[in-house]
Amino acid sequence: MAGRINDDDVKVVRDAVPIDTVVSEYLQLRPAGGGNMKGLCPFHDEKSPSFQVSPSKGLFHCFGCQEGGDTIAFVMKIDHLSFSETVERLAAKAGITLRYEEGGYNPTHQRGERIRLVEAHKAAADFYVEQLGGEEAAIGRKFLAERGFDQSAAEHFGVGYSPAGWDHLTRFLRGKGFSDKELLLAGLSQDGRRGPIDRFRGRLMWPIRDISGEVVGFGARKLRDDDNGPKYLNTPDTAIYKKSQVLYGVDLAKKDIAKASRAVVVEGYTDVMACHLAGITTAIATCGTAFGTDHIKILRRLLMDNGSARVIFTFDGDAAGQKAALRAFEDDQKFAAETYIAIAPDGMDPCELRLNKGDAAVQDLVEPRTPLFEFAIRQIVSRYDLETPAGRASALDEAGPIVARIKNGASQHEVAVQLAGILGILDTQFVVKRVAQMARWARDRGGRGPAGPASASSSSASSSSSSYASEQSPALSGPALNLRSPAHRTERELLKLALQRPELVSPAFDAYGVDEFTAPPYAAVRRAVEDAGGAEQGMASAPEYLAGVREAAPNDAVRALVTELAVEVFHGKTIDEAYAGEQLVRVRLRAVDLRIHDVTSTLARLGTGADHERHQAVQNELWVLQQYRQSLRNNGAAAL
């Protein structure tokens with residue numbers, strides 16, 4: 001075994017790769033105030049962004065699902081990697097050579113499985129690209145040229161060619177140090193009579209990359225009549241490739257999708273190429289499967305579900321394309337974006353349209369024209385004779401439930417009015433009421449179901465605190481967090497200062513006792529800060545300090561709360577020494593008030609018959625506390 005990665009190297013990797021750069025490869029981030037960034041969480045469905053990233057601290061936290069941590073934790077979670085695989089991947093990206101505690105530098109064959117499969121695909125992609133220039137691949141170059149793609153277009157998209165022999169790629173990758181087992185697991189080879197043979201032979205090859213740009217699979221197009229395989233052959237599902245979770249071209253399109261708040265969904269690899277070369281750089285395609293829920297999740301994270309976001313489907317005009325459009329409409333309500341369909345009048349796909357009519361025609365095609373719901377309704381209605389009352393009634397019975405699925409009440413009403421016009425029913429209110437009735441029936445049959453994502457107006461802190469309360473360590477006894485409590489709100493704000501702006505509260509904060517935090521979870525965080533060396537440690541290096549506090553946390557629940565507090569925005573408009581002093585005083589005042597209450601109770605219990613010295617000592621303590629309270633009220637932070 002290669003052994004454990006050197007701790008210093010892990011720290012170097014964590015510091016070398018900015019967390020906002022890594023996260024931006026998977027979702028769109030926007031300013032959230034206080035130097036933080038926000039976006040739609042990649043780990044759960046939500047309509048309002050509750051996922052925050054703090055570049056200065058190297059941390060992320062979702063106030064909706066409570067996922068949080070540093071850059072390494074993010075990549076581990078989103079790409080399902082082990083700790084060592086994640087560090088190795090980030091190290092490779094930053095050009096850092098890792099050392100291992102046992103066995104010296106890490107040999108290639110000892111690296112994680114996912115890393116090896118990705119490396120095998122990268123080597124295969126390079127091999128295929130090189131083969132495209134050979135004599136045998138002339139048929140592939142001709143295929144591209146006939147569709148308007150020159151050499152530079154092929155290079156831009158990494159198009160290659162797989163030789164027609166049985167094991168050219170297999171032997172090539174063996175020479176690169178890959179084992180037969182790895183090639184079979186990667187889906188690059190398959191079992192033959194005498195051992196592994198190439199899965200793809202004599203085909204034009206498109207590398208399929210994940211959202212971070214790594215090659216995880218291939219799409220292979222048949223070129224010869226004697227090839228008995230399917231027209232398109234894709235990589236089978238593997239540890240790194242799930243066709244329902246990959247969009248071809250998303251690595252090239254993601255930035256423009258986020259920038260323009262628009263995505264164009266086409267049907268094939270050549271359609272993506274045609275759109276991009278025509279200037280539609282937001283085009284993407286599925287990889288041999290119908291557009292589904294997982295694809296929607298990818299796009300929603302890039303679009304951030306703002307009100308102007310648009311998703312445009314450009315299906316072929318034939319029956320199969322219309323069926324695909326109707327399938328897409330089945331998931332329409334999972335988008336917050338407006339969805340449209342664009343079909344060329346003569347039924348050509350974007351590749352054919354560009355070849356026959358030029359780039360301008362492709363650009364015109366994807367301008368939103370027909371809302372997807374309207375297309376779906378018209379496809380249904382077209383099957384009925386609207387000249388008869390019975391035909392109109394039957395069309396309403398089939399189209400009505402589609403409109404009833406629209407969750408937004410105002411949108412449902414508007415579409416119902418449009419449906420009445422399409423059907424030619426003059427009594428618009430009858431159609432509106434009929435659709436509303438269908439919606440009620442659907443709700444009654446299906447039940448209310450789980451509540452949707454919390455609205456943006458919900459208190460993220462309150463949501464997170466209730467989640468934390470359910471995960472408290474048995475050692476943390478006492479009441480759960482209550483963000484309506486002024487005490488808990490102030491303690492939370494002070495802990496945020498101690499984690500995010502320690503220079504404003506040190507050294508006073510480090511003199512505060514754990515018992516001054518009345519909420520047990522906050523007391524646990526205070527203890528973690530203390531165990532990590534105190535807030536004063538944070539004045540030197542924020543990432544190291546926060547990493548130390550997270551490591552000092554007694555369990556995952558407290559660790560998650562530390563991350564949450566480290567990225568949550570402050571409530572004050574101006575975060576300065578005066579604001580910090582105000583929070584310090586409030587927490588101390590509350591602690592003093594509680595102590596005064598306890599001492600007063602003790603004094604009452606002692607009564608007049610108690611030992612004189614004992615009675616006097618308690619009275620003196622009460623007097624000192626009262627004086628200190630008055631000083632805090634009069635002098636503020638100066639009295640601390």
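A: Happy to. Keep in mind that this is a predicted model.

Q190 has I197 in β10 as its bridge partner. The two strands involved are β9 (residues 189-192) and β10 (residues 195-198), and they run antiparallel, joined by four bridges. Getting from β9 to β10 takes a hairpin of two residues. As background, strands of a sheet pair through backbone hydrogen bonds, and they can do that either parallel or antiparallel.

For the parallel kind, look at β15 (residues 262-266) and β17 (residues 310-313), which pair in that sense over four bridges. There, V264 sits opposite I312 of β17. Both strands belong to an open sheet of six, ordered β14-β16-β15-β17-β18-β19, and the pairing in that sheet is mixed. At its edges you'll find β14 (247-248) and β19 (370-371); each has a single partner strand, so one side of each has no neighbour in the sheet. Helix α11 (residues 269-277) lies across β14, β15 and β16 (283-286), and α11 runs at about 175 degrees to β16.

Now for helices packing on helices, with α18 (residues 409-423) as our meeting point. Helix α17 (residues 389-404) packs against α18 at an angle of about 160 degrees, and their axes are 11 Å apart. The cut-off for roughly antiparallel is anything over 145 degrees, and α17 and α18 therefore count as roughly antiparallel to each other. Their crossing is right-handed. On the α17 side, the contact uses R392, A395, L396, A399, G400, V403 and A404, while α18 brings Q412, V415, A416, L419 and L423. Sort those residues by class and you get nine nonpolar, two polar and one charged.

Helix α16 (residues 372-381) also meets α18: the two axes come within 11 Å and cross at roughly 35 degrees. That crossing is right-handed. From α16 come F373, E374, I377, R378 and V381, and they meet V415, Q418, L419, I422 and L423 in α18. This contact has seven nonpolar, one polar and two charged residues. If you compare the lists, V415, L419 and L423 of α18 turn up in the contact with α17 and in the contact with α16.

The axes of α21 (residues 486-500) and α26 (residues 577-606) come within 9 Å, crossing at roughly 135 degrees. That angle makes α21 oblique to α26. Here the crossing is left-handed. P486, A487, T490, E491, E493, L494 and L497 make the contact from α21, and Y579, A580, Q583, L584, R586, V587 and R590 make it from α26. By class, that's eight nonpolar, two polar and four charged residues.

Last stop: aromatic rings. The structure holds 18 aromatic pairs. One of them is F60 with F74, an edge-to-face pair with 5.5 Å from centre to centre and 80 degrees between the planes. The pair links distant parts of the chain, since F60 is in strand β4 (residues 59-62) and F74 is in helix α3 (residues 71-79), 14 residues apart.

Methods. Residues are numbered from 1 along each chain as its sequence is written. This is a predicted model: local features need pLDDT of at least 70, side-chain atom pairs count only at pLDDT 80 or more; totals for chains, interfaces and linings use all residues. Side-chain values use heavy atoms; hydrogens and water are left out. Axes are lines fitted to C-alpha atoms, for helices over the stretch in contact, and angles run from 0 to 180 degrees between N-to-C directions. Angles under 35 degrees count as roughly parallel, over 145 as roughly antiparallel, 65 to 115 as roughly perpendicular and the rest as oblique. A crossing is left-handed if the near helix is turned anticlockwise from the far one by less than a right angle, and right-handed if clockwise. Contact means heavy atoms within 4.5 Å. Ala, Val, Leu, Ile, Met, Phe, Trp, Tyr, Cys and Pro count as nonpolar, Asp, Glu, Lys and Arg as charged, and the others, Gly among them, as polar. Two strands pair if DSSP finds at least two bridges between them. Rings of Phe, Tyr and Trp (its six-membered ring) pair if their centres lie within 6.5 Å; planes under 30 degrees apart count as stacked, over 60 as edge-to-face and the rest as tilted.
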